Amino acid sequence: MSQIPILDLSPEIEARFAEFTGAFARVLKSGQFIMGPEGKAFESEIAAYLGVKHAIGLNSGTDALVIGLRAMGIGPGDEVICPSFTFFATAEAVSAVGANPVFVDVNEFTFCLDAARVEEKITPRTKAVIPVHLFGQGADMDALLALAKRRNLKVLEDVAQAMGADFAGKKLGTIGEAGTYSFFPSKNLGGFGDGGLVVTHDDAIAEQCRMLRAHGSKKRYFNEVIGYNSRLDEVQAACLRIKLKHLESANDGRRQVAKRYAEAFREFEGVTTPTEVPGTRHVFHQYTIRIAGGKRDRVHTELEKSGISTMIYYPVPLHRLPVYSHLKVALPVTERLSGEVISLPIWPEMKSDTQLRVVDAVKAALK
């Protein structure tokens with residue numbers, strides 16, 4: 001029996017192979033590999049797609065968080081509120097700029113930062129909040145923005161897993177002061193290597209981001225601050241320009257796969273499927289279910305034995321990692337979710353018979 005990966009990129013690559021190789025050849029012939037026409041065109045095209053004034057291509061999603069925080073003036077001694085139920089890079093970026101992450105619990109149904117729990121963690125040192133739009137679902141931006149306005153906090157959206165998702169008619173990442181994205185190959189808009197992006201409507205933030213990505217200089221050899229070498233290369237930009245044209249249809253494909261999963265698990269005891277909040281558009285970077293009663297690890301093991309790859313995002317909350325364990329935080333929802341979640345295979349072109357194998361294997365493991 002053939003293996004089922006957690007993500008299969010081959011259908012997309014095969015369908016657009018000629019486009020990709022043509023783009024690579026175009027870059028090769030140009031002799032421009034960094035900060036050339038492909039990067040400029042991609043920044044313009046993705047800004048138009050997102051409906052935002054500025055888009056700044058960078059080396060990775062992690063760099064986007066670091067540079068975004070610095071561009072908003074976040075630095076040593078500041079506190080930044082963020083979820084613990086997310087990838088390490090979110091908190092790592094806060095620490096990297098000298099600030100302190102303050103972990104807040106998440107909503108058990110959306111997996112995103114629980115706006116109702118944020119205010120109690122605000123202190124005079126709190127300067128920003130990072131809502132992570134996890135697994136393709138948006139955090140409650142209305143509530144978070146209202147709180148941020150009332151308490152004079154900046155909002156940096158982490159959209160690494162939700163490119164193309166909507167909240168109240170706006171693209172995620174364009175609602176706060178700035179938004180950050182990752183183009184890691186597994187993302188909804190993924191490159192053939194690392195890449196990242198900061199977007200903003202704010203001219204001053206954009207200027208700072210462009211300066212920081214180029215060693216802290218607006219003009220070559222006239223460095224104003226300590227910056228980074230963080231630029232989206234031309235090969236990645238050329239690839240992403242092709243993929244951007246198909247992002248909406250790819251996200252629709254993911255949504256169809258998610259719909260089939262939801263129907264297959266409806267009323268099946270022991271499985272909680274993802275919640276799509278009314279007024280939002282979930283793009284299902286991951287299809288993450290919850291399995292209660294201490295059975296999650298058994299399901300994970302049984303599916304692996306059946307040749308079905310699954311992932312556990314995330315088995316250890318950030319506040320329980322060695323680097324942050326000294327904070328002595330208790331986040332009951334996050335801790336419970338880390339013992340229940342498991343992400344099933346999903347990609348836009350996933351066939352229904354392949355999906356049925358996954359569903360049957362989950363049900364068999366639970367029985």
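1. Two strands count as paired if DSSP finds at least two bridges between them; strands (E, at least two residues) and helices (H or I, at least four) are DSSP runs, numbered from the N terminus. With that in hand, there's an open sheet of three strands here, in the order β7-β6-β12 with antiparallel pairing. Its edge strands, β7 (170-171) and β12 (280-281), each pair on one side only. Strand β6 (residues 166-167) is joined to β7 by two bridges, and Phe 167 sits opposite Lys 170 in β7.

2. A word on what you're looking at: it's a predicted model, where local features need pLDDT of at least 70 and side-chain atom pairs count only at pLDDT 80 or more, while totals for chains, interfaces and linings use all residues. Residues are numbered from 1 along each chain as its sequence is written, and side-chain values use heavy atoms, leaving out hydrogens and water.

3. On to the inside. A nonpolar core is a set of buried (under 20% relative accessible area, 1.4 Å probe, protein chains only) Ala, Val, Leu, Ile, Met, Phe, Trp, Tyr and Cys residues joined through side-chain atoms within 4.5 Å. The largest one has 82 residues, and Phe 42, Ile 46, Phe 183 and Leu 189 touch the most other members. Helix α4 (residues 61-71) gives the largest share of this core, six residues. Apart from it lies another core of 25 residues, including Phe 268 and Ile 308.

4. Take Leu 189: leaving aside neighbours within four places in sequence, its contacts (heavy atoms within 4.5 Å) include Phe 42, Ile 46, Met 163 and Phe 183.

5. Lastly, Met 35 is in the loop between α2 (17-30) and α3 (37-50).

How values were computed: Buried means under 20% relative accessible area, exposed over 50%, partly exposed in between (1.4 Å probe, protein chains only).
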